[in-house]
Amino acid sequence: MDIAGSVREGSGRTVRIPSAPAALGVASDDVIQRMANAFRRKDTATLGSLLPQAMGHPLEPWAAYWELSARLQTAQPYEVDAFLQRYAGSYQEDRLRNDWLLQLGKNRDFQAFNRYYPAFRMRDDRNVRCYAQVSGAERAASAVEMLRENWYPQRNDEEACNFAAGQLYASGTVKAEDIWHRARLATENNRQAAARSAVAIVDPAAASQLSALFANPAAFLATLDSSSRSGGELAVLALLRVANSTPQRAAQLMHEGWSSRLNARQRNTVWGEIGKQAVLDLDSQSMNYYSQVRDLHDLLDDDLEWMARSALRTGYWPQVRQAIDAMTPAMREQPVWVYWKARALQGGLHGRGADRQSEQLYRSIAGNQGFYEMLATEALGERITRPRDARPGSAELAQARANPSLQRAQYARNMGLTSEATREWNYATNLHTPGGMNDRDLLAAAELACQQQWWDRCINTSDRTKGVINMEQRFPMPFREVVVRRSRNIGLDPAYVYGLVRQESRFATNARSHVGASGLMQVMPATARWTANKLGISYAPSMINNLETNVQLGTGYLKLVLDDFQGSYPMATAAYNAGPSRPRSWRNGPVMEGAAWAESIPFGETRDYIKKVLANSTNYAILLTGQPQSLRERLGQVGPLLPGVSDLSRELPSGTVRVIESEDGGA
């Protein structure tokens, strides 16, 4: 490997690393591209042969990282040390340190782990943090807190945190209940391997029963001896599985005897999951199920969020407040629950008749930087206005231009290495220093991205500022002539279109999603054909990424959906994301204010999508009109389909739908 310097091996022998070629800039972009392709194939031979040719290239650190990372399992410590020394301070150094720490943890070489860990800057890898807890390199406030932050949120079956949990349990630092908690979370999310690994820590024999439990939970319950600790916990897992598919059946099983066979915490856990699944099904019985929970503090935040959403949907404001009050402090402090807590204290009223506590809650989040921040502003009787823009100075811009990571990110982007470019940019702005760049540096970095029309990083970087704001960075309007002209020609609000495009593609005209949506407005192929036919437009599939055609089809479809939903922005926005048939089922029930309806949507992606698009639209309206705006007016009310109104969703092809999972947050 062609890296300059000399280092000492573990044996103490000094090893000379050959120096790089003296002439810089001799490497071609083609060499880097070939190495990127070889890295994706894990072709170590090609990487090794090409690395000497990459020396001196602006992306040399990436080339060296690819070569060493691809063979890290067999690499020698002196090679790692040489790399870390040569590329000290770079993203690639910290990325390789992350990878090496994972390898050392897997090898259980915690003495070496503790030598490398102090220089690790990113510290955003849950598995590294789990190893650090075991090695003693870093101690969380409590072992349980470490599990809560790192192990519990993991969707997959990760060796590092499983190992850490096992070690902590064996030492008596955490209890069996803490381990079963992970098993319950995994079971609720249909993660059998993760559940099995957790159960195996406390009871390997019980873990062997997980396959049968997942395959047929009702049959498993019929033969289960629940008298032991593990038996009772397995009963909970099986009941959670039943609730996940048929909450009514799980409730029946509880009433038929299982409730009396579980302890109080277990009963509360099961009823909480039954209630949650019923809300996701929009079942009016959900609050009845939640009423069976005797201590809300036994429920997870996720269950309590759904209890609050169920109560919002039915207008049960005392229950909204009860659910929020039982959440953990971190969850209660999120703007969504600060806002609804204030509303619950008012009995659901919008006006300024709030008591002092409600007003304090509104003021704690009010602003124009988010959906609930805007609604809090309006709850205080104010309109949403444009804040004073902060702009980076020339010295700050010069510093941003000189930042090596930002330079590499830009070069990688220009070469088409989008993933590497984004990761390097994010490292420079978010992770290189603890807490990331300060507001002034973020403004300068964002401006650099904006100037290069790298709209994704322009927006995301500017979004991170806390004490200052630059509206033109956060809400840019590229392709203005096309978007505004087309929108106005068909009677659409250009601010609404911009708000949607910002969320859909971040203004990348060549964007393509994992389900096939394309272009600026992320139009699905079936939607494009259907809309073109509906509007009488001559269309061929090759035209979908053409800017004019993409905007014409996207706005045309959006206008048809908006008209079909009688001008309801929340419903049209949901339809654009999840297809029109789903919002039709979600609207069935009481007439609700738009914010409560959006918050009660069972798809996490669509719920978040509506809130972001309409908050975006409000800010774009401020920029386009120069006038104060109201998000609440855009939200309006949502209720059942009016009699005699045609159902457009019956005409739409299945390819319109872009949300591919029905469980909350899994789209």
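**Figure 1. Trp66 and Trp340 in the largest nonpolar core.** In this predicted model, the largest nonpolar core holds 210 residues, and the two members that touch the most others are Trp66 and Trp340. Leaving aside neighbours within four places in sequence, Trp340 is in contact with Leu312, Trp317, Val320, Ile324 and Tyr372, and also with Glu593, Ala595, Ala596 and Glu599. In soluble globular proteins, nonpolar side chains tend to be buried together.

Figure 2. Helix α23 spans residues 356-365, and Ser358, Leu361, Tyr362 and Ile365 are its buried residues. Because these buried residues fall within an arc of 95° when seen down the axis of α23, they line one face of the helix. On the other side of α23, Arg356, Gln360 and Ser364 are exposed. The cover over the buried residues of α23 includes α22 (335-345) and α24 (371-379).

**Figure 3. Arginine 95 and its contacts.** Arginine 95 is part of helix α5, which runs over residues 91-106. With a relative accessible area of 18%, arginine 95 counts as buried, because the term applies to values under 20%. Not counting residues up to four places away in sequence, arginine 95 touches Tyr65, Met122, Asp125 and Arg423.

**Figure 4. The lining of the second largest pocket.** The second largest pocket has a volume of about 470 Å³, and among its 21 lining residues Gln369, Gly370, Phe371, Asp608 and Lys612 lie nearest its centre. The elements that give two or more residues to this lining are α22, α24, α32 (494-504) and α38 (604-625), with α38 providing the largest share, 7 residues. By class, the lining has 6 nonpolar, 6 polar and 9 charged residues.

Technical notes. Residues numbered from 1 in each chain as written. Predicted model: local features only at pLDDT ≥ 70, side-chain atom pairs only at ≥ 80, totals over all residues. Heavy atoms only, no water. Buried < 20%, exposed > 50% of the residue type's maximum accessible area, 1.4 Å probe, protein only. Helix = DSSP H or I, 4+ residues; strand = E, 2+ residues; numbered from the N terminus. Arc of directions from axis to C-beta. Contact = heavy atoms within 4.5 Å. Core = buried A, V, L, I, M, F, W, Y, C linked by side-chain atoms within 4.5 Å. 1 Å grid on protein atoms, 1.4 Å probe; cavity = no way out; pocket = protein on both sides within 12 Å on 5 of 7 lines; lining within 4 Å. Points joined across faces, edges and corners; volume = space filled by probe spheres on them. Nonpolar A, V, L, I, M, F, W, Y, C, P; charged D, E, K, R; others polar.
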